[in-house]
Structures are given as structure tokens and as C-alpha cells.
Amino acid sequence: MRQLTSLDAQFLALENDRVQGHVSVLGIYDPQTESGRPLDATLVRDLISERLHLLPTFRWRLAQVPFMLDYPYWVDDGTFDIEYHVRELALPAPGGHRQLAEQVARIIGRQLDRARPLWEVYVIHGLQDGGVALLTKMHHAAVDGVSGNEVMGILLDHAATGREVGQPKDVAAENFPSEVEMLGRGLVGLLRQPLRILRAWPTALPHLDDVPTVRHLPGVKTIARSSRLLKRAVPARSDRTILQGNDIAAPRTRFQARVSPHRRVAFGSLSLAEVKTIKNTFGCTVNDVVLAICAAGLRSWLGERGELPTEPLAAFIPMSVRTPEEMGTFGNRVSVMITQLPTDVADPMERLHRINEAMEAAKERHRALPVTLLQDANHFIPPALLAQAARATSRLAGVLKQPANVMISNVPGPSNPTYLGGARQRAQFPVSGVLDGIGLNITVMSYLDSLEFGVVVDRGQLDDPWPILDALRAGLDELRDLAEAHASATPISSSRRKTPSRRKVSS
């Protein structure tokens, strides 16, 4: 058995009757393989069965500790019903993208069954363009963005002919533990709790005000500052011109409220080549350009509705801290950066400049933080109280200050075509989740020559997210036109393009 970390368990604790803890990927594929076999649930079940020995997260079943005395365990379950996990349905005619998005929203609005391995795959037929959609749901307790990509990398091939994965192996199922055995493990874990706190104290307490989920709670900043004085680990800040992550405040928008159980989804592709042209022209990063697109889109969308705050928005940006040695271990190895989105700035060039500057400062601060900060901070909350603490925070989402206005994640994907059982993948859209207090999520994944955007909102806060996607496209157009004008007036030499991260964006 494998015990969940405190961070893994937190993604379980965040779930309630309105918040879901899974992440999803929506792939669009050719309707049949090169050999002519149709892409259907039978093909997907056969493929997963053949590669099940490479997919431990598809076999893991949750074993809870009685009275939540300790974090749960994963048990390798080799007897699950694959027909339950791989399902098939069809859209009504005409099967456009909006209809697909509505179906995806209904599916992601349902929680995964904790009595089974925490994943589902939906094969969706009836698309207007003749393609077949595949929606893969996986619980965040088992995978983060990088390890979720690893799972998709096991399912997908780089050639239509597939690849050698070895002979299918019989996976030996672990005996599911009894309540008495889990109680014994829980009591041992209860005895270990003081040791966990002692180990976490030196890294967690001095940086407690950098933990997005708790930094606005009363007393947290005082505890962190007192711990820094005791430890003398954090030098005094000499440069106050750039806001640090724990100083950034999120202004109130419609998305800073409790969410309903229902979701709305929009997805679409933007040109990666155009984004790289902007990056090369102004000497920033692809991620800077993505954030600038989001800032422009949200400024426009909120402004048109008379809802644009005078203060800049704040973005919640997950960051992987997975080392090369941890690849293939699944679970969560993530940290979080909070940075400003300068939606209060009208000039797109100045917005890009400020984002470049803010991200440099955020990365510098992020490098100074312990990579296990989010996990260590959880050790100060006994496992039995973790879910109750999460529920209490949810109830106060409309009262307490929120850490951010929007979650934005940029996940690198394959630059070459991929195939599912021989069927070519046309597009791959990320579909993430929202939380109480942060009801808007924009996730980006690269595939081939596109950046695939997935926008997820709470239906109670916004019924139609497609105008946000349109505003993001307009934000890219604005930056592209600016780059073209700038390049024609001031050509950028190839030697300068090689080190864009060392140059600040200039107007």
C-alpha cells in the first residue's frame, strides 16, 4: 500500500457537495485508426487493459483510515470493472463545440466514486466534424499536471502503428485491508503526528504567509513574521517596489464567491507560432505571453460588463516541483505562485512589461521557498481536522479575502502528432476545476502548433464562458499586431533572441 501525502489528501478534503477534486483532458481524435478500426469504447478498453501494468493510478483504490486518524492509503486493486470506468455516449445533432462543452460540463460536475479507482474515460461520438472526443477524468489526489501528462503519455503513441509496451501482465491485486488493520495504521500515524509537526516547523512556519490557502487567515502573517525573526532565515526586504507574493491582494469580482455544483466549459485553439513571435520580439517567455493574453482578455471582458476592478487582478499559478528522480511516481509535487495580472493598465505593451517583471520577481521568491511548503504546512492540521478545516474555509469564501481571482496553468504538451490505438489526435484541451472563492480557471496545454485553452467557470457565477474565450483571442491579436509593428520598426537580432529571459520588456 502507498500512503497519500498531506498534499494529496488535501485534494480529497477540498471536495464537498459543490466542489470536485478531479482534473480532465478532452482529446479530439479521428473517428477510426489507420487500419480502419473505429475509435470506440471497445478499442479504449482493450488499449487500457493492454497497458494496465504501466498505469498504477488506474488501479489504485482509496482505503480510508477510521476516524480520519491519519492520511488515507492507495491499495492496488487488480479486480476493478473496466466497463464501469470506460463509458460511451453520443451528442445530439448537429454536435457542435458548444454541445460538446455542455456535455463535458455535466460530466466534470459529477464526483468520482471513492469506492472505485478514481478515474473515468468517456468516448463521445456525434461530433459535427466527424471526430470522436475522449474525456479523461483523474482525481487530483493521484496526479498533478505533470504526472497526469505521464498517464496520457502511456495511453498515447507517437506513431499510428503503436509501440512495444511488453506483454500484458497480470497485476497482482493487494488484499484490501480490514477496518481493524486501518485502525492500527491510524493509531501509529497519530503517534507520528507530533514528529511531523517538528519536522515541518523550520520550513513551514517562517513561510506560512506564502501558503495561498491560509495566508489571509487572522494571525497567519504574525506567526510567519515571528518565526522569521526567531529563525533569522529570511532577510529584510530592501526592494519594496515590486510586490511580493504574500503582499498581493485579490480585488473582489463575481468569481470570488462560493461555487455551485454546476460548471460551464469553453475551449479553443490559439496559434503557438504567434505566441512565440511575440515572445521573441519582446524578449519574454511563452508563459509571460499567456499571462498577458489572460490579462488582456479579462480586462476586456470585465470592462465590457462594468465589473473591472481599479486594482490589478491576482493570478494563482500552480508550479511543478517534481525532480527528474520523481518522474513516474505520480501523486502531487506542486507549489503555487501568486502574481499580479495588470488588468488596471490600458497599454498592452506596459501590461506585458509588468507581467515580465512580476514573474521574474515571483520566480526569484519561489526559488527561495521550500519545495515541500504546501505539504509541510498541512502537517500543522491533524488529518482528522483537514476536511473540516477545508469546509470551514469554503463557508467563509464570500467573507474572507481570497488568495487570487483566477487560476491560470500552462502545461507543456507534445509537439509531434500523437495517436490513441492508431487514431490520430487532432486537439487536446485541458479541463480543470474551480474552488470556492476562485470560480474561474484558465488552463493552457500546448499541442503541435497550437496552444489549447480550456476555460472552466461556475455556472452560478457565469452561464456562458465563450465570450471569455473570444476575449482571449482578441488579446492575442492585440499582442500579435503590436509585435508586427515593433518588429518592422526595430528588428531584433538573432543574438539577442537567444537570451530573452535576461532582458526586460521595454516600451
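Residues are described as buried under 20% relative accessible area, exposed over 50% and partly exposed in between (1.4 Å probe, protein chains only). The model is predicted, and local features need pLDDT of at least 70, side-chain atom pairs count only at pLDDT 80 or more, and totals for chains, interfaces and linings use all residues. Numbering starts from 1 along each chain as its sequence is written, and side-chain values use heavy atoms, with hydrogens and water left out.

Salt bridges were assigned where a side-chain nitrogen of Lys or Arg lies within 4 Å of a carboxyl oxygen of Asp or Glu. By this rule, 25 salt bridges are counted. Secondary structure elements are DSSP runs numbered from the N terminus, with helices (H or I) of at least four residues and strands (E) of at least two. Arg480 pairs with Glu274, their closest N and O atoms lying 3.6 Å apart. This pair connects distant parts of the chain, Arg480 belonging to helix H14 (residues 466-489) and Glu274 to helix H9 (residues 272-282), 206 residues apart. Arg480 is partly exposed, at a relative accessible area of 22%, and Glu274 is likewise partly exposed, at 25%. Both residues belong to a network of salt bridges that links Glu274, Asp477, Arg480 and Asp481.

A salt bridge also joins the side chains of Arg192 and Asp70 (3.5 Å, N to O). Here too, distant parts of the chain are linked: Arg192 is in helix H7 (residues 179-204), whereas Asp70 is in the loop between strand E3 (60-63) and strand E4 (73-76), 122 residues apart. Arg192 is partly exposed, with a relative accessible area of 33%, while Asp70 is buried at 3%. In the salt bridge between Arg163 and Asp157, the N to O distance is 2.6 Å. Arg163 is partly exposed at 39% relative accessibility, and Asp157 is buried at 2%.

Strands were taken to pair if DSSP finds at least two bridges between them. Six strands form an open sheet with mixed pairing, in the order E8-E15-E14-E11-E9-E10. Strand E8 (263-271) and E10 are the edge strands, each pairing on one side only. From one strand to the next, the twist averages 20°; axes are lines fitted to C-alpha atoms, for helices over the stretch in contact, and angles run from 0 to 180 degrees between N-to-C directions. Helix H5 (residues 97-108) packs on the sheet, where H5 touches E8 and E15, and its direction makes about 130° with that of E8. Contact denotes heavy atoms within 4.5 Å.

Strand E14 (residues 440-447) and strand E15 (residues 450-458) run antiparallel and are joined by 8 bridges, with Ser446 opposite Leu451 of E15. Strand E9 (residues 313-320) pairs with E10 in the antiparallel sense, also over 8 bridges, and Met319 has Ser335 in E10 as its bridge partner. Strand E10 (residues 334-341) is largely enclosed by the rest of the structure, because 7 of its 8 residues are buried.

Two further buried sites were examined. Thr33 occupies the loop between strand E2 (22-29) and helix H2 (41-50) and has a relative accessible area of 6%. Its side chain forms a polar contact of 2.8 Å with that of Ser35; such a contact is a pair of N or O atoms within 3.5 Å, where within protein one must be able to donate a hydrogen and the other to accept it, and residues adjacent in sequence count only if both atoms are side-chain atoms. Beyond residues up to four places away in sequence, Thr33 touches Leu43, Gly421, Gly422 and Ala423. His85, in helix H4 (residues 82-85), is buried at 1% relative accessibility.
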